[in-house]
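Q: I have a structure here that is new to me. Can we go through it piece by piece?

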Amino acid sequence: MVTRRRLLAAGATGGAAALIPAGWAASGRAFAAAAPLDPRDIPKYVTALRIPPAMPTVATDSERDTYEIAVRQFRQQILPPSWPRTTVWGYGSTAHPGSFGYPAPTIMARVGRPVRVTWVNQLVDDRGDYLPHLLPVDPTLHWANPAGGIAHRDHHGQWDGSPRGYRGPVPQVVHLHGAHSTQESDGHAEAWYLPAARDLPPDFAVSGSAYREFRSRFAERSGLRWAPGSATFEYANDQRPCTLWYHDHTLGLTRENVYAGPAGFYLLGGGDELPEGTLPGPAPARDDSPNTAHRDIPLLIQDRSFTADGDLHYPERYSIGGSSQGDGPPVWVPGFSASTMVVNGRTWPTLTVRRRRYRFRLLNGCNSRFLLLSVAANATARPARPVLPVWQIGSDGGFLPEPVPHEQVALGPAQRVDAIVDFTDVPAGTELYLVNEGPDGMYGGGRPGVDFAPADPRTTGQVLRFVVTDATGADPSVPPEHLRLPAHPRLGPAQRVRRLSLNERSSGGSMVMLLGVLDERGRGLPLRWRDPVTEQPTLGDTEIWEVRNFTRHVHPVHLHQVQFELLGRGHSGRSLPGPGDRGRMDTVLAYPWEVTRIKAHFDLPGRYAWHCHLLEHEDNEMMRPLTVLPRGGAAAGDGGSSGGQLGPGTASTNSG
């Protein structure tokens, strides 16, 4: 039981830890001509947490829910109310102009009931002319490259002399992260499209190299044809209840498109969900009254930097050894930790909670920052002294086998944790804090204060304040320690083992990270996005992937289409996962110099991708094609084995 004495004692102890400046990463220090706002000047906990409402539909019938969702540019109060508003991008319903926000409204879906969304790129001004990017864009990467025309789209681009790099119309394509989607609805990185602006340059490519193929496939399935500047996707929702999220996935531009704001939750409920009232609720719903008290609350945690004018700040280039690369186009930054924590589109907000249980859908939406979260009574004391357990009941792909209490929750970029925090025994009037002890730079694993300096406790070490008030009425939810979660079968025997690699190579004065396979001697063989496809599972097969990390950093590895099982980690990949990693996941942390073993079942044919979800890495070649072949297709050689030739030490691959 939590007592007032324990809370006060925890709040009075602890000291400041050694600090490193925000913005430091693996290869140097972020540099930009326009200096960011000093985050210590921004007042904390003066704004209430914003809970994104449910996304309005445009039609609902017996077959499906239908949405028309656009991305637009607007100004929003992210900094405290007395500070300037910030220009951002965000999604909203085209039929409901007031619905646009950062983060976007939440799509509320049900297991077994399809959702159809027409995603529209409306990054245009009030005259219909295209809007350039809010941030500096390096046009020399292997990226969408609309200016290259049909012949050179989805290739390396060229700099045209603009000091902010590419200033043309911005491509977009939406990926529903964690969804079991057909290839034409997956948000493939080369299926992007420009807005239907009136001033599109005639020599630009208006869509990516995969757009036309997927448009035709969708028309064959549904009889609908995509309109210019849009794509229509259908989500079958034929998976377990879970917390998904949607965001941009344009080739070579995801880091800056997502940083500009377009992201939202997609909560899939129903199916074998627990009986109503078992878990804290309600979550946002389309028919909410204005004063609905939500107790199932999505929390999108991101880091952002701002200028004194309230604009988003993102570095234009990188400094190596104290000097920048000089004049020229913006240069890709291999990692960026911003200076301010933002939750649901507001800096350091406050959530008033009653003395009862709350369900939080925690999402790390940062580009590169890893989070180590705990609930503490003192916002700045380090090491943090957790005073309430965070009960994890689910991961990316749904419920865990049983609830797991954590003093500290680790979240890599794109990972989700479905959690319960019980405030029942906390005295009314108490203030508690969600604090972060992850690093202000690249993460290599280990313990804060021992293996790395934790985030600055004055700024990025703080996330959210809870203010506890008296309860009104009984809490019907079940205490987390007494919950019995739905059981789910494990994946069956594996037909193949693949041996893959995470690699780093020096390029242009910084380290570039690449995915790849293993050669015949067990060494990493780095490959780029355009290299021949090596990951080609056969439709209906279950595979084990052994991912060996040859880098100094932890990488969140994300596979499209599937929710997989983590089998093991460590030098051989045989160390069993911890209890919080025993559910289904779509993004797994691969630790330095370790083997991460996962098992996945591939049951949808077509073209997908797997990649690192450090967005700066993903945008510069740390992404590879994943093609699911029809039965009887020819597989590529990738250092793996199949059938009866699984090799020494693989006798247990059918278990897990």
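Predicted model: local features only at pLDDT ≥ 70, side-chain atom pairs only at ≥ 80, totals over all residues.

Q: Start with the core. How many residues are in the largest nonpolar core, and which have the most contacts inside it?
A: The largest nonpolar core has 57 residues. Those with the most contacts inside it are F360, F423, L432 and F466.

Q: What is F466 in contact with?
A: Leaving out neighbours within four places in sequence, its contacts include F360, F423 and L432. F466 also contacts L351, V353, V375, T430, E431, Y433 and L434.

Q: And which residues are in the second core?
A: That one is separate and has 43 residues, among them A191, A210, W226 and C242. As a general point, nonpolar side chains tend to be buried together in soluble globular proteins.

Q: Is C366 buried or exposed?
A: C366 counts as buried because its relative accessibility is 3%. C612 is buried too, with a relative accessible area of 1%.

Q: Changing topic: how many salt bridges are there?
A: The count comes to 37 salt bridges.

Q: Which residue does R584 pair with?
A: R584 forms a salt bridge with E565, and the closest N and O atoms are 3.6 Å apart. E565 is in strand β34 (565-568), while R584 is in the loop between β34 and β35 (587-590), so the pair ties together parts that are 19 residues apart in sequence.

Q: Buried or exposed, those two?
A: R584 is buried, at a relative accessible area of 16%. E565 counts as buried as well, at 1% relative accessibility.

Q: What does R569 bridge to?
A: R569 forms a salt bridge with D581, the closest N and O atoms being 3.1 Å apart. Both R569 and D581 lie in the loop between β34 and β35, so this pair ties together parts that are 12 residues apart in sequence. R569 counts as buried at 15% relative accessibility, whereas D581 is partly exposed at 23%.

Q: Which residues are joined into one network?
A: Salt bridges that share partners join E63, R64, R116 and E234 into one network.

Q: What about R255, which partner does it have?
A: R255 forms a salt bridge with E256, with the closest N and O atoms 3.5 Å apart. Both residues are buried.

Q: Which side chain reaches the backbone oxygen of R255?
A: The side chain of N367 does, at 3.0 Å. N367 is in the loop between β20 (357-364) and β21 (371-376), and is buried with a relative accessible area of 1%.

Q: What else does N367 touch?
A: Apart from R255, and leaving aside neighbours within four places, its contacts include Y259, D303, R304, Y314 and P413. H613, L614, L615 and E616 are also in contact with N367.

Q: Last one, R50. Where is it?
A: R50 lies in the loop between β1 (29-31) and β2 (59-60).

Q: How far away is the nearest side chain of opposite charge?
A: That is D288, 12 Å away. R50 is buried yet has no salt bridge.

Q: What does the side chain of R50 reach, then?
A: The backbone oxygen of P103, at 3.2 Å. Not counting residues up to four places away in sequence, R50 touches P103 along with G101, Y102, N344 and R346.

Methods: Residues numbered from 1 in each chain as written. Heavy atoms only, no water. Helix = DSSP H or I, 4+ residues; strand = E, 2+ residues; numbered from the N terminus. Buried < 20%, exposed > 50% of the residue type's maximum accessible area, 1.4 Å probe, protein only. Lys, Arg positive; Asp, Glu negative; His and termini not counted. Salt bridge = Lys/Arg side-chain N within 4 Å of Asp/Glu carboxyl O. Polar contact = N/O pair within 3.5 Å; in protein donor to acceptor, adjacent residues only side chain to side chain. Contact = heavy atoms within 4.5 Å. Core = buried A, V, L, I, M, F, W, Y, C linked by side-chain atoms within 4.5 Å.
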